[in-house]
Structures are given as structure tokens and as C-alpha cells.
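Here is a short briefing for a first look at this structure. Keep the 3D view open and follow the topics one by one.

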Amino acid sequence: MLIKTDRDGFNHPISSEITPQAVYRDRRQIMKWMATGAAGAALASWAGRQAMAQQVQRPGKLAALQAVKSGVAGAATMEKVTEYKDATSYNNFYEFGTDKADPAKNAHTLNTKPWTVEVDGLVKKPAKYQLEDLLKLSAQEERIYRLRCVEGWSMVVPWVGYSLAKLIERVEPLGNAKYVEFISQADPKTMPFVGSRVLDWPYTEGLRIDEAMNPLALLTFGMYGEVLPNQNGAPVRLVVPWKYGFKSGKSIVRIRFTDKEPHTAWNKAAQQEYGFYSNVNPNVDHPRWSQATERRIGEDGLFAKKRKTLMFNGYEAQVAQLYAGMDLKKNF
Ligand code: MTE
């Protein structure tokens, strides 16, 4: 590429026109390979990489969900993305069983069409949204978030959705609305473990309204460029990346604004173990185990290194101000 320059300063090249060093070096390398006959092999491996990229684009063969790259601070990480097969076969979705393999085996019975989400409680404009209308409310963004489960495993997933704040602004919460409650589908006909005594159904979760308004909180419709697979919470779930995974309710049917802290499913099941806030915090142990380290799913094996868990799961810069002055040991 010819780099144009001139003296009056009006004709500088835009940065995309400048051949980056690395590409330039690659070209010289290719010319050397051509000369030695290694080009065929190099091209074959290039074709292999292209094929892999294709696979990543449609990993689950579900409907594609177009998304723009998110401009929200913290919405991207340079970490290796967890493989689709791992993120979709090792799940917690107790409505379909308590074993990690159960949701992928059993969630095919979940009926996602039609789907409505009722938004009500202390809001000026309560509404019942058809999923299609909810999808159109704002542009879909891709956000590569870590999600860390309270049980000590984590994953890095390219989620697709938009900030929950967009929906909240639309319904105009009243001045006395302090919390938001998220209620999941609980249909014993299609969800075989609803009715079991592990949890008090429906699965409910909650956030303080300012937490829910933080741009990182994602109303999520897809992952890996496709609609959500059932086992990951189709057709719409929450992803709150700075909190333990159980705060991210799946298959949501109702979002309710209240003036009182909602009773959440896990808090009701074991009050001493699961507090309302449940921010990822390596310094506060779960009563039965440490929270200081984690294991990335798909990286198991004898020699897989445990990773240190980060405060607020690595999103401290974006969310720490929400908890200024709070005792995070008491408000676990
Ligand atoms: N939502 C519902 N409705 N039911 C559940 O059992 N499990 C939670 C959360 N959301 C759960 C849920 C827990 S404990 C975790 S760790 C995450 O979902 C797991 O999300 P994933 O399966 O997509 O990794």
C-alpha cells in the first residue's frame, strides 16, 4: 500500500490505509514461503482457520441474532472465549434438574413461543411485551462478559442483548420504586423439576434499581451470535456480570418494580449462604467454601491452573461506586 503524504496536511492517510507492521512482515514471510514451496501448507492452514471462524459464527445452528459491538465500558474482555459446547452443556437451570448435564438434556421441552414479559409494579407505564417487541426495543449488542458461578466455576461468553436500563427508562419507574424483581417461568408441564422441593418456585431474583440501571446489566436474548439455547435461559434472561451467576435469572416472564427488597429464591432456600447482593467478592467466603479462586469451564484436567477471582468479577471500575460506604461482609 502506498502511503500518501503531502506538505499542506490535507491529505494524510487514514489509519486503515496504513499497512500495519505485522501484516507487512507477514507478506514478506508469504513471499519467502512461495519461494520454498511451503505456501500450499500455509494456505491450507488458512482455510482451516476460515472454516473454524465459520463454525464459531453459527456454533449451535440456532437462529442468528445480529448484534453491533458494544460501546459500553467493560463490555469486552481479551480473555479466551469459552467454547460453545462447554457453555451449553454445563449449566445450572434447576427447573430442568440439579445436575450440570440436566438442562442440556431436558430443556428441549421448554416452550418459548409465544413468550410475553410483563413489566409492572411501581411504574408509570406498565406493559406486557411480546418477545418480538422486546427484541426491537433497542439495538442488540455483543458483550463478552465473564460470568462466575457461586460454586467456583466461570466462563467467558459473547452475550447478545442490550442494557436493561433501556427497558427501565421505557416504563418510567415511580419515585418510590427502589428494587426490581425478576420472575422466571414456572410451568410444571414443560419444566420437569418445577414442583420439586429444592427451591420455592418460581425462581425469583432481584436488584436494587440503581444496580439494574448500571449499563453493564444486560437483558440477554442470545449468545455466540445466535438466539439463546433453552438450557441457557431462552428466550430472554438477565446477565449481571459482577454478581454470582445465580443473580442472572433465566427465561424471565415478569419484571416487577417494588419499594421493598424482593425475597429471592436462593435467599429463601439458604439465608446464611446467599445474600441479596451476592457481588463476586474473593474476600468473603461462602460459609462452606472459599471464593478466592475459580476454575474456567472447558479448562479442566489435572494441570489446569485455578484462577484468582477478581473483586466484582473484574468489573470494579464500573460498579464499585454502587456500594460506596457499604460493609460488603454484612451485605454479602
Ligand atoms: N435461572 C433460573 N430460572 N433457574 C436456575 O436454576 N440458575 C442460576 C442462573 N439463573 C438458574 C437461573 C445459576 S446458579 C447460574 S450459575 C446461572 O444461571 C448459570 O447460567 P448458565 O447455565 O448460562 O451458565
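**E273 and its surroundings**

- Apart from neighbours within four places in sequence, E273 is in contact with H286, P287, R288 and F332.
- This is a predicted model.
- E273 sits in the loop between helix 8 (265-269) and strand 12 (293-296).
- Is E273 buried or exposed? Its relative accessible area is 19%. The cut-off for buried is under 20%, so E273 counts as buried.

**The chain as a whole**

- The protein chain has nine helices and 13 strands.
- It holds 332 residues, and buried residues make up 45% of them.
- Take the contacts in the protein chain with a separation of 6 or more: 72% of them link residues 24 or more positions apart.

- Five strands form an open sheet in the order 3-2-11-6-7. The pairing is mixed.
- Which strands stand at the edges? They are strand 3 (127-130) and strand 7 (204-208). Each has a single partner strand, so one side of each is left without a neighbour in the sheet.
- On average, neighbouring strands of this sheet are turned by 15° against each other, direction ignored.

**Strand 6 and its two partners**

- Strand 6 (residues 179-184) and strand 11 (residues 252-258) run antiparallel and are joined by six bridges.
- V180 has F257 as its bridge partner in strand 11. I183 stands opposite R254 in that strand.
- Strand 6 also runs antiparallel to strand 7, with five bridges between them. Here F182 has E205 of strand 7 as its bridge partner.
- How many residues of strand 6 are buried? The count is six of six, and the strand is mostly covered.
- In a regular strand, side chains alternate between the two faces of the sheet.
- Both faces of strand 6 are covered. Y179, E181 and I183 are buried on one side. V180, F182 and S184 are buried on the other.

**Y129 in strand 3**

- Y129 lies in strand 3.
- Its relative accessibility is 10%, so Y129 counts as buried.
- What does Y129 touch, not counting residues up to four places away in sequence? Its contacts are W115, T116, V117, V119, L134, L137, L167, R170 and V171.
- Y129 and R254 are 125 residues apart in sequence. In space, the two are 9.8 Å apart, C-alpha to C-alpha.

**Strand 4 and its partners**

- Seven of the eight residues of strand 4 are buried, so this strand is largely enclosed by the rest of the structure.
- Strand 1 (residues 68-69) runs parallel to strand 4, and two bridges join them. V68 has E141 as its bridge partner in strand 4.
- Strand 5 (residues 153-163) runs antiparallel to strand 4, and eight bridges join them. L147 stands opposite M155 in strand 5.
- The hairpin of strand 4 and strand 5 has four residues between the strands. In this hairpin, G152 takes a positive phi near 105°.

**R146 in strand 4**

- R146 is found in strand 4 (residues 141-148).
- R146 counts as buried because its relative accessibility is 11%.
- Where does the side chain of R146 reach? It reaches the backbone oxygen of N313 at 3.0 Å.
- R146 touches T77, E79, M155, V156, P241, R296, N313, G314 and Y315, leaving out residues up to four places away in sequence.

**The second largest pocket**

- Rolling a probe the size of a water molecule over the atoms shows where empty space is left.
- About 410 Å³ of space lies in the second largest pocket.
- The lining of this pocket has 25 residues. Among them, N92, C149, Y203, G245 and F246 lie nearest the centre of the pocket.
- Which elements give two or more residues to the lining of the second largest pocket? They are strand 4 and strand 5.

Key: Residues numbered from 1 in each chain as written. Predicted model: local features only at pLDDT ≥ 70, side-chain atom pairs only at ≥ 80, totals over all residues. Heavy atoms only, no water. Pairing = 2+ DSSP bridges. Axes fitted to C-alpha atoms, helices over the stretch in contact; angles between N-to-C directions. Buried < 20%, exposed > 50% of the residue type's maximum accessible area, 1.4 Å probe, protein only. Polar contact = N/O pair within 3.5 Å; in protein donor to acceptor, adjacent residues only side chain to side chain. Contact = heavy atoms within 4.5 Å. 1 Å grid on protein atoms, 1.4 Å probe; cavity = no way out; pocket = protein on both sides within 12 Å on 5 of 7 lines; lining within 4 Å. Points joined across faces, edges and corners; volume = space filled by probe spheres on them.
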